[in-house]
Amino acid sequence: KIALITFHGDSAQVLVPPTKSMALTKNRLEAMPCGGGSPLAHSLMLAAQTALNTMKVKQDVGRVVIVLITDGRANIPLELSMDHTFTPSTDPESKDGMPSRKFLKDEALACAKKLAAVKELDFVVIDTEDVFTRTGIAKDIATAALGKYVHLDKTDSMSVAHVARQNIRNEME
């Protein structure tokens with residue numbers, strides 16, 4: 001089964017719940033909205049929740065693999081995604097009512113560490129970050145989640161699909 005979770009704007013959402021329909025997933029992926037904010041921590045939490053719920057409810061689900069495609073540039077805190085507000089006092093380095101990059105990175109890493117605790121879950125990060133401006137956050141997320149890390153210099157649908165298929169196949173063996 002495959003699911004598609006997008007994250008943009010202020011929150012993540014399940015665009016395609018776990019399904020066997022590759023055609024539906026492909027159609028939704030092609031029409032997927034992009035741009036705006038990157039609520040990375042919320043996407044990690046929603047992916048984990050979706051995976052755990054699927055494993056709990058469905059008996060025919062094999063090994064669960066989460067494939068995160070990201071440039072690692074989180075800019076929306078989990079609190080804003082969940083409650084539509086951010087409390088600046090939670091981050092002493094916040095400016096103009098928004099969290100610092102360190103806060104956002106720490107939050108994403110904390111969510112990734114929660115994924116590492118789920119033994120029935122595998123995690124692959126496909127890093128699409130530009131090599132010249134690399135922050136390394138995507139790699140740090142993979143490490144925190146005890147997952148695999150792949151950087152793509154060329155980010156197009158064929159390259160992403162190839163890496164995802166290859167890593168999912170490897171996890172299933």
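In which handedness of crossing does H2 pass H4? H2 passes H4 in a left-handed crossing, a term that applies if the near helix is turned anticlockwise from the far one by less than a right angle, with clockwise giving right-handed.

This is a predicted model, in which local features need pLDDT of at least 70 and side-chain atom pairs count only at pLDDT 80 or more, while totals for chains, interfaces and linings use all residues. Residues are numbered from 1 along each chain as its sequence is written, and side-chain values use heavy atoms, with hydrogens and water left out.

**Helix packing**

Helices (H or I, at least four residues) and strands (E, at least two) are DSSP runs numbered from the N terminus. The table lists two helix pairs; axes are lines fitted to C-alpha atoms, for helices over the stretch in contact, and angles run from 0 to 180 degrees between N-to-C directions.

| Pair | Angle | Axis distance |
|---|---|---|
| H2 and H4 | about 15° | 8 Å |
| H4 and H5 | about 30° | 7 Å |

H4 passes H5 in a right-handed crossing. Contact means heavy atoms within 4.5 Å; on the H5 side, this contact is made by Ile 137, Asp 140, Ile 141 and Ala 144. By class, the contact of H4 with H5 has seven nonpolar, no polar and three charged residues. Here Ala, Val, Leu, Ile, Met, Phe, Trp, Tyr, Cys and Pro count as nonpolar, Asp, Glu, Lys and Arg as charged, and the others, Gly among them, as polar.

**The nonpolar core**

A nonpolar core is a set of buried Ala, Val, Leu, Ile, Met, Phe, Trp, Tyr and Cys residues joined through side-chain atoms within 4.5 Å. Buried means under 20% relative accessible area, exposed over 50% and partly exposed in between (1.4 Å probe, protein chains only). The largest core has 29 residues, of which Leu 44, Leu 68, Leu 115, Phe 123 and Ile 141 touch the most other members. H2 gives the most to this core, with seven residues. Ile 141 touches residues including Leu 40, Leu 44, Phe 123 and Val 125, not counting residues up to four places away in sequence.

**Glu 107**

Glu 107 is found in helix H4 and counts as buried, because its relative accessibility is 15%. Glu 107 and Pro 77 lie 30 residues apart in sequence and 7.6 Å apart in space, C-alpha to C-alpha.
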